[in-house]
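This report describes selected residues and their surroundings. The structure is shown first, and the discussion follows.

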Amino acid sequence: MNFITVNFVLFFLPVLCIGWLLRRYTGWFKAFLVLVSLFFYGQLGAQFLVLLLVVALLNWGTLHFLHHIRQESARKWLVSADVAVHIALLFFYKYAEPVFLQLNRLPLGNGLLYQWLQESGMGDVVLPAGLSFYSFMGLSLVIDYYRVPTQPRRSLMDVLAYVSFFPTIMAGPIMRGEQFFPQLQSVRAGETCFSEGICYILSGLFKKVVLATYLSRNLVDPLFEMPDNYSSAAALVGIYAYTIQILCDFSGYTDLAIGVARLMGFQLPRNFESPYRALSLQEFWRRWHITLSLWLRDYLYIPLGGSRRGNRYVNLTVTMVIGGLWHGSGLNFLIWGLFHGLGLAVVHAFRGWREQAKLFARLSGRGWQLAGKLVAWMLTFHSVAVLWVFFRARSFEEACAVFRSVAWNNGVQGYDARIPCIIILVLAMQWVGPACFKCFSGTMARLPWAVQALVGGLLAGAVLAMGPEGMLPFIYFDF
């Protein structure tokens with residue numbers, strides 16, 4: 001169920017009202033939250049709901065046995081088995097189709113193996129929306145309990161509420177148990193919940209409905225479909241346009257999720273902090289998809305050795321390569337993750353040099369400081385933008401075709417003059433956006449709640465009216 005649909009509004013309004021009435025009764029509220037979350041996710045299909053319940057039971061069962069087992073080797077084996085099952089599920093649903101296609105090319109019984117897989121239904125595997133996100137949440141719950149066994153024991157209802165929480169189940173943010181359970185036990189509607197929730201929802205609607213959809217339909221999608229039709233200038237603008245589109249699309253979804261959860265009385269972690277103002281790839285990943293970056297750091301990079309054991313540069317590169325393959329199985333995702341990993345390794349390797357450059361800039365005056373920051377920003381932004389081409393392309397060959405169009409192309413197709421304006425606007429908002437949001441949210445908070453609801457409804461209607469008919473799915477629903 002997409003947030004930007006009438007069906008979701010019809011679902012959420014009664015959920016919100018009933019949730020407010022049940023806030024004082026923790027047990028009833030928890031049960032109600034589980035039921036509405038399972039109903040929300042169940043709209044995708046009964047088979048996906050069953051998979052969600054299996055993952056929840058798997059994690060609850062692991063926690064239950066961890067609580068009773070004291071032998072360290074047995075505890076480690078149990079957690080390893082839980083991790084292996086999650087990895088197997090992710091591998092099957094993400095990579096089964098390309099593996100089956102490769103089997104079809106092998107001379108095994110003249111394609112009979114592939115034919116049997118197709119007839120049995122195994123050759124037509126659909127990736128359940130949100131599987132990666134609620135699997136990562138479940139894994140973090142088990143691993144954290146293994147590391148700190150003195151944590152409170154979680155019931156099956158707690159685990160179900162955690163992994164199925166409807167604002168986050170489709171595409172995050174990835175919450176940790178320590179962030180969610182205290183709020184579940186004592187949900188309170190603060191004075192700013194209503195105003196902040198409305199403001200986040202309006203922000204997400206504008207980013208997705210107006211900005212991301214316009215860029216996608218008017219340049220990005222046609223460019224990646226037929227790059228040879230576009231001039232070099234149009235192809236270059238198209239790369240910038242996708243760089244802005246994916247930010248508006250994903251941060252727009254995150255804003256909607258935060259806003260919906262805020263109205264329910266929950267505070268979700270921020271997932272974006274103006275990532276395109278970053279001055280290095282390291283800073284970029286501290287600002288982009290923050291909850292995934294922290295998850296990869298805590299549960300992959302540090303267990304690999306981090307900066308203390310082994311080669312930190314190899315650990316960084318391996319972490320980002322796995323992060324790339326988490327998004328998809330194609331060569332383009334491998335390249336995307338590999339070059340981000342290599343870039344992070346270079347940033348870490350030249351940390352001493354960067355500190356010396358900063359010292360030189362401070363001693364040389366403000367002009368050198370600004371020049372140094374501008375060069376660092378340009379290098380970081382364009383590195384990210386170039387690598388986004390591999391992320392967006394459906395194959396390595398398609399990415400190369402887009403780059404060829406930028407380098408030299410006789411195509412005559414241009415671009416809408418409003419697209420560069422949107423690109424410049426969103427980049428400018430990386431610096432002034434947080435202050436603007438704080439000002440608007442503060443203004444809304446001073447209004448009576450009924451006026452806030454009226455203003456929010458009118459602005460939401462205006463934003464939806466600005467968008468095109470039919471809404472494109474959120475990009476990260478594919479992961």
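In this predicted model, the side chain of Ser280 reaches the backbone nitrogen of Glu283 at a distance of 3.1 Å. Ser280 lies in the loop that runs between helix H10 (232-263) and helix H11 (281-287). Its relative accessibility is 12%, so Ser280 counts as buried, the cut-off for that class being under 20%. When neighbours within four places in sequence are left aside, Ser280 is in contact with Val347 and Thr380.

Val159 belongs to helix H7 (residues 156-164). Because its relative accessibility is 0%, Val159 counts as buried. Not counting residues up to four places away in sequence, Val159 touches Ala56, Asn59, Trp60, Leu63, Leu141 and Arg154. Phe181 is 22 residues from Val159 in sequence, and the C-alpha to C-alpha separation of Val159 and Phe181 is 9.3 Å.

Val314 is placed in helix H13. With 45% relative accessibility, Val314 counts as partly exposed, since that class lies between the limits of under 20% for buried and over 50% for exposed.

The accessibility values of the residues discussed are collected below.

| Residue | Relative accessibility | Class |
|---|---|---|
| Val159 | 0% | buried |
| Ser280 | 12% | buried |
| Val314 | 45% | partly exposed |

How values were computed:
Residues numbered from 1 in each chain as written. Predicted model: local features only at pLDDT ≥ 70, side-chain atom pairs only at ≥ 80, totals over all residues. Heavy atoms only, no water. Helix = DSSP H or I, 4+ residues; strand = E, 2+ residues; numbered from the N terminus. Buried < 20%, exposed > 50% of the residue type's maximum accessible area, 1.4 Å probe, protein only. Contact = heavy atoms within 4.5 Å. Polar contact = N/O pair within 3.5 Å; in protein donor to acceptor, adjacent residues only side chain to side chain.
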